[in-house]
Each structure stands twice: as structure tokens, then as C-alpha cells.
Amino acid sequence: MKNLYKLGNINLNYHLNGNDIRVLKNINFEIKKNERVALIGESGSGKTSLLMLMSGLEKPSTGSIFFENKDFSEISEEQKTSIRKKKIGLVFQQFYLIPNYTALENVMFPMQINKIKNEKDKAASILSDIGLDHRKNNLPSELSGGEQQRVAIARAISFNPEIILADEPTGNLDRKNTEIVSNLLLSYSKKNKISLFLVTHNIDLAKKCDRVINLFDGQIKN
């Protein structure tokens, strides 16, 4: 399988109150197309920072991040934004749904950006697949936490990206909704051959992925 991501010698440092803080140290790994990779580690180990770098929302202090053989350090912010819009589905712990859009409209939104035809029917079909057909006309404030996260995942997969980058997608959910959301992410990823990079504290969820990366104190532990 071809590589989708390749990270080489990634370091991330912050200068805070006169001190240099090393967040990530010599990170090296690859993600292949249609591969599901879990990143586990304690709070403060650098997991979210790594995901932000991979999305192009932050820059490493040193090192290279290649996405489909494009070096993020050598392309413009406009090009990185285009990659995020067309090829990267982002799922966060806090949902970040558009508050004045219905569930259906939230799922339609990235399809409209990408000029995908029949977006309303496709969005409705996805919501039906995840058991939310009866909630498609509800606003986020009218949905439970688990329902909101399912809508966020539906939005992330609606435009058929190359990869989903998910940051603690079950972190705010109870056990039942954790099971629903994790199964949804994994099944859609496999069904549609979408790569998945999953940041999680949930060891059981991580073990369902093809590979697990352990991050400790900013370094990958084998």
C-alpha cells in the first residue's frame, strides 16, 4: 500500500516564560492508505499537538510532514487549506457543529464546499445509516452528546476524504455512546477505504485499529 502520510524527525518546541518546552521529540512514522492507526498516551504527552501538525494547523519546529508526497513546509497556507477541505476529515472531542445549522445541514456543509452533487440526499442517507434519520432537522442544541458526535463524524466522512483525523472522539461520551461512535468510525473507515488516525485514551478502541503508536513524554515508545 502507498503511504498517505510520512513524518520524519518531527520536533515541536515552545518558548514559554523564558523556558524552552519540548513537546514532541524526533517523531517518525508513516500511515498507509486504508490503514487505521491509533495514537495512545497520557494527557500532556503531545497527542493533540501531533494531530494539529498533521492537519497543517500548526508547524513543527523541525522535521518534515509529507501528505501524498507533498511537503507541508513547502506549500502555501492556501494549499494546506485546500487539502484539509478536500482530503482530511477532522473530528474533535468538542464536536464543533455549526449551532444554527440542523444536523442535516451540518453534514451537507463540507459537501457544498466541495461542490458534491445531490448533497442533501447523500447527507440524509449517511444520517440514516448512523441511526439519526429522525434527528436530521434538529439543531445541535437539541441533540445529546452522543448524537452530536455522530453528526460530527457524519460530517467528517460525508465528502469521502482520504483520512479522518480524530482527536479523542469518545472522550466526552458514556460507555454506550463510546461503543456506538467507535464502531461507526471504524466501520465507515473500512467500508469506504478511508484511512483513520485516532487519538484516544481508550485502549480497547485502540486495539481495534490496525496498529497502535504509543506516545510517552513526546516520544514514540516501541
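Q: Does E68 count as buried or exposed?
A: Buried means under 20% relative accessible area, exposed over 50%, partly exposed in between (1.4 Å probe, protein chains only). E68 has 18% relative accessibility, so E68 counts as buried. This is a predicted model, where local features need pLDDT of at least 70, side-chain atom pairs count only at pLDDT 80 or more, and totals for chains, interfaces and linings use all residues. Residues are numbered from 1 along each chain as its sequence is written, and side-chain values use heavy atoms, with hydrogens and water left out.

Q: Which side chain does E68 meet in a salt bridge?
A: A salt bridge is a side-chain nitrogen of Lys or Arg within 4 Å of a carboxyl oxygen of Asp or Glu. E68 pairs with K33, at 3.3 Å from N to O. E68 is in the loop between strand 4 (62-67) and strand 5 (70-71), and K33 is in the loop between strand 2 (19-32) and strand 3 (36-40), 35 residues apart. Helices (H or I, at least four residues) and strands (E, at least two) are DSSP runs, numbered from the N terminus.

Q: Which residues are linked with K33 in a network of salt bridges?
A: The network links K33, E68, K87 and E162. K33 and E162 have their closest N and O atoms 3.4 Å apart. E162 is in the loop between helix 5 (145-157) and strand 7 (163-167), 129 residues from K33.

Q: What does R211 form with E35?
A: They form a salt bridge, with the closest N and O atoms 3.0 Å apart. R211 lies in strand 9 (residues 211-216) and E35 in the loop between strand 2 and strand 3, so the pair ties together parts 176 residues apart in sequence. E35 is buried at 10%, while R211 is partly exposed at 28%.
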